[in-house]
Amino acid sequence: MLRSRAVAVSFAATVVALLSGSSLRAQVVINEIHYNPDVKTDPAEFIELHNPGTAPVNVAGWYFSDGINYALPATNIAAGGYLVVAQNPSFLFTKFGVRAVGPFNPDGSSGLSSTGERITLRNAAGQVVDEVDYQLGFPWPTVGDPVAETSPGTGSSIELIHPGLDNNLGGSWRSAQTSGSGGTSQTLLADRSAWRYFKGTAAPSNLSTAWRQPGFDDTAWLSGSTPIGYGESFITTALSDMNGGYTTVFLRRTFTVSDPAQFSQLILQAQYDDGFKVWINGVNVIDNQANMPAGEVPHTGSAVGALENLNFVSFNLAVPPASVLVAGENVIAVQAANASLSGSSDFFFDCRLLGQIGGSSSGGPSPGRVNTVFATNAPPQIRQVDHAPGQPRSGQPVAITAKVTDPHGVASVLLEYQVVRPGSYIELTDAAYTNAANWTPLPMNDAGVAGDALAGDDVYTATIPATAQAHRNLVRYRITVADTLGRSVRVPYADDPVPNFAYFVYDGVPGWRGAVNPAGTGSNATVVNFSSEVMGRLPVFHLIGRSNAVATATWFSRYGGDAYQWQGALVYDGKV
């Protein structure tokens, strides 16, 4: 994460110029789209334009030709600045405290599509300045889904990770993280920074609370850069002795603040497995919100459960910034913990600390300011995930393919799969689903070997063996990719209500035979036979789940509101 907005603007302009190959594209980018507000009747939709360059851009005569119907007013977008085009500017100001132009679609037509559409911005000469054809669901972020609406980030927008990325690729976007709205943000502590750390083989200080105080002497501690941990390819500081050796790690580092009073909110974004606590200048700012027990946790303690998420998660700190920060040097201290002493496949921790200037502290979209997901190095782009055959039969190997690209180079692509056998359905909340031991890892390659069709075409392949393919097996899979700088992501994304891809092994509809009265006589006892071929002409559905969930959903509870009430998998025409 860059340390200042001025540096960010300069960096962004350079990257855009290098990657876009178009002077028009470098002028202004579509940077945020809010197409599915949390309250469906609220006219809160907007499109945010961003000028990542070093000079202002006059947008007089510019207009949208697709997605919305609106001509921009004669105005400049400042260098590094934003212009928000709103469905209803007055309502947007009331909800987010941000001034906007509009209303778009003044002819009274409907707003942006909640399932995806093309947005095209043109200049006064009719040339395309920027165009985004967004969709709902992987490889695009999922926002507005009933499951997502029960989680933090309700009514989220989609945000561009960096203005230099191709914003017509779904992997360049993420759903807005829970963060302050309005104002601007400043990075106080960047991710991938150097820390002092102490392995939890013993207490970190004689007095249990001393290690997290500003005056504590940590010069005898080890030093290393985050991410710290084991079991993942993106880790910088490896803890090879942690699994079976200790459950906790203690970390400290300093950061400088010039004026604590300028901040209205502190936001900590963490990448972690399995839990952590945080102190700033000795004040506990994250206690049990990040998968840890409340109160004091000894060095032999552990997180409250296993967590499988490679993405950064945002935490709005409840304390007023001026009450914990001091002008000058500040100290942040972290206790990170694994869920178990041994048997865990991984552990890691990294974080960044942001200070919000102005605005409010509600969650969701960030119109008119730095995106909550902004990063100078995005993880690799992954798309075109597929499996072949589409619906395999017993004993057929299945090739999983995915296109993966990254300007820094792709370091690793890892497939994990889980076999769910008939009668033993595993729900997403079951320990058997989250336990890494129940997922089989397979490296994917682009070397033209082991089932990969063509070397060097950016399409990576792994083959799930024939032994996993048995009649009526449900096979789930997910993919983790990392670049050469250590940034990684697992797909489907962590906030996707469908957290894995899947296929269903099926040998076909069996033949059917029956009679009106098999034990009778005469015509009623005549057996009628329908072959498998005849039966296969009918639409075939499979509803896979726990027997009580299927029975309740079918016969008893009926409807339960907007959110999903029961967990299961639906297979139709061979597709899960």
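Modeller: Tyr 82, Val 84 and Ala 86 point one way from β7, Leu 83 and Val 85 point the other way, and all are buried, that is, under 20% relative accessible area with a 1.4 Å probe and protein chains only, where exposed is over 50% and partly exposed lies in between. In a regular strand the side chains alternate between the two faces of the sheet. The model is predicted: local features need pLDDT of at least 70 and side-chain atom pairs pLDDT 80 or more, while totals for chains, interfaces and linings use all residues. Residues are numbered from 1 along each chain as its sequence is written, and side-chain values use heavy atoms, without hydrogens or water.

Since five of the five residues of β7 are buried, β7 is largely enclosed by the rest of the structure. Strands (E, at least two residues) and helices (H or I, at least four) are DSSP runs, numbered from the N terminus. β2 and β7 run antiparallel and are joined by five bridges; strands pair if DSSP finds at least two bridges between them. The partner of His 50 in β7 is Tyr 82.

Helix α3 (residues 89-96) has Pro 89, Leu 92 and Phe 96 as its buried residues. They are on the same side of α3 because they cover an arc of only 55° around the axis, taken from the directions from the helix axis to the C-beta atoms. These buried residues pack against β7 (82-86), β1 (29-34) and β2 (46-50), with contact meaning heavy atoms within 4.5 Å. Ser 90 and Thr 94, on the other side of α3, are exposed. Just after α3, Gly 97 has a positive phi of about 70°.
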